[in-house]
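Dear colleague,

Please find below the structure that I am handing over to you.

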Amino acid sequence: MPRAKGGIRVQHWPVHEIAADARFRVVREMPPLPAALDAEVDRLWAAAQIRMGGRLFNGRVFSADLITPRLVCGHWTEFRRIVAQMDRHALHPLLGVRPLAVGGVILGPDGVVFGRRPAGAIYQAGEWQLPPAGSVDPGAAGGAGAVDVVRQFLTELQEELGLPASAVHDPRLLCIVEHGGSHVLDLGVAVRTSLSAAEIRAAHAGHGNGEYDPLAVVALPALPAFLARAGALLNHQAPVFLARALGKRIGFLSD
């Protein structure tokens, strides 16, 4: 169960340690589903499409089969399986998907970037998170089964915030936080930028995809108060990523 710490909700989802040079690899094909299970996935997918106004796309997402600090192995799965498992957590032993997404901690001279997720999002709707964030898709695929998670992060940075890769530097893998029910995996990536809060907001307004409303840049001294105000609308992985990225500067944050 969640508990309050310093006015902040803390959720103890599994945290997987990841080395700075961890590699991600596709090592097998997506397994077929038995007919009855496939039909149930289709039923749940159709229901989700109705809820989301037909906006869902059955693309491919990297799903982790094995997580170690230096190597994460998995396969490409389809989004409809992920949606079915989100809706019915009890399907995990049968579907076995653990979809990987990247999430950021962008630290600039004016503070840390936060964004409020859309109310209609299929995952953690309406919550404050550390942008950018998005599933690892085949655009991150490299040779010999390699998956470039930093490249995926930079793609999300451009799409969601309108910031080019040149706007950030020193990417650092933090850890993976696993949703205990749906088994969605969020990989934290910390980066630094020299852009001011005004420049970040201007890029988001002019070139981003409208994913976040509002977007906020929070100065480090104001972080405790901001997180306390966010309360239950702060997503679970944000305090974990902040603690890893900022360390003792935000002393009450822990995983």
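The notes below go through helices, a sheet, cysteines and backbone features in turn.

This is a predicted model, in which local features need pLDDT of at least 70 and side-chain atom pairs count only at pLDDT 80 or more, while totals for chains, interfaces and linings use all residues. Residues are numbered from 1 along each chain as its sequence is written, and side-chain values use heavy atoms, with hydrogens and water left out.

**Helix 1 and helix 2**

Helices (H or I, at least four residues) and strands (E, at least two) are DSSP runs numbered from the N terminus. The axes of helix 1 (residues 35-51) and helix 2 (residues 79-87) come within 8 Å and cross at roughly 85 degrees. Axes here are lines fitted to C-alpha atoms, for helices over the stretch in contact, and angles run from 0 to 180 degrees between N-to-C directions. The two helices, helix 1 and helix 2, are therefore roughly perpendicular to each other; angles under 35 degrees count as roughly parallel, over 145 as roughly antiparallel, 65 to 115 as roughly perpendicular and the rest as oblique.

Helix 1 contributes D38, V41, D42, L44, W45, A48 and R51 to the contact, and helix 2 contributes F79, R80, R81, V83, A84 and D87. Contact means heavy atoms within 4.5 Å. The residues of this contact of helix 1 with helix 2 comprise 7 nonpolar, no polar and 6 charged. In this division Ala, Val, Leu, Ile, Met, Phe, Trp, Tyr, Cys and Pro count as nonpolar, Asp, Glu, Lys and Arg as charged, and the others, Gly among them, as polar.

A84, which lies in helix 2, counts as buried at 0% relative accessibility. Buried means under 20% relative accessible area, exposed over 50%, and partly exposed in between (1.4 Å probe, protein chains only). Not counting residues up to four places away in sequence, A84 touches V41, L44, L91 and L95. A84 and S182 are 98 residues apart in sequence, yet 9.3 Å apart in space, C-alpha to C-alpha.

An open sheet of 4 strands has the order 5-6-4-11, with mixed pairing. Its edge strands are strand 5 (60-67) and strand 11 (146-147), each of which pairs on one side only. Two strands pair if DSSP finds at least two bridges between them. Strand 4 (residues 23-26) and strand 6 (residues 71-78) pair in the parallel sense over 4 bridges, and the bridge partner of R23 in strand 6 is L71. Helix 2 packs on this sheet, touching strand 5 and strand 6, and its direction makes about 95 degrees with that of strand 6.

**Cysteines**

How many disulfides does the structure hold? There are 0, a disulfide being a pair of cysteine sulfur atoms within 2.5 Å. C73 is in no disulfide, and the nearest cysteine sulfur, that of C175, is 19 Å away. C73 is buried, with a relative accessible area of 11%. C175 is likewise in no disulfide, and this residue, C175, is buried with a relative accessible area of 0%.

**Helix 7**

Helix 7 (residues 237-246) is mostly covered, with 9 of its 10 residues buried. Among them are P239, F241 and L246. The buried residues of helix 7 pack against strand 3 (15-17), strand 7 (100-108), strand 8 (111-116), strand 12 (169-178), strand 13 (185-192) and helix 6 (223-230). Following helix 7 is G247, whose phi is positive, near 65 degrees.

**Backbone features**

The peptide bond from P131 to P132 is cis, with omega near -5 degrees; P132 lies in the loop between strand 9 (128-129) and strand 10 (133-135). The peptide bond from D213 to P214 is also cis, with omega near 5 degrees, and P214 is found in the loop between helix 5 (197-207) and strand 14 (215-218).

D170 has a positive phi, near 55 degrees, in a residue other than glycine. D170 is placed in strand 12 and counts as exposed at 51% relative accessibility. H183, also not a glycine, has a positive phi of about 65 degrees. H183 sits in the loop between strand 12 and strand 13 and counts as buried at 16% relative accessibility.

With kind regards
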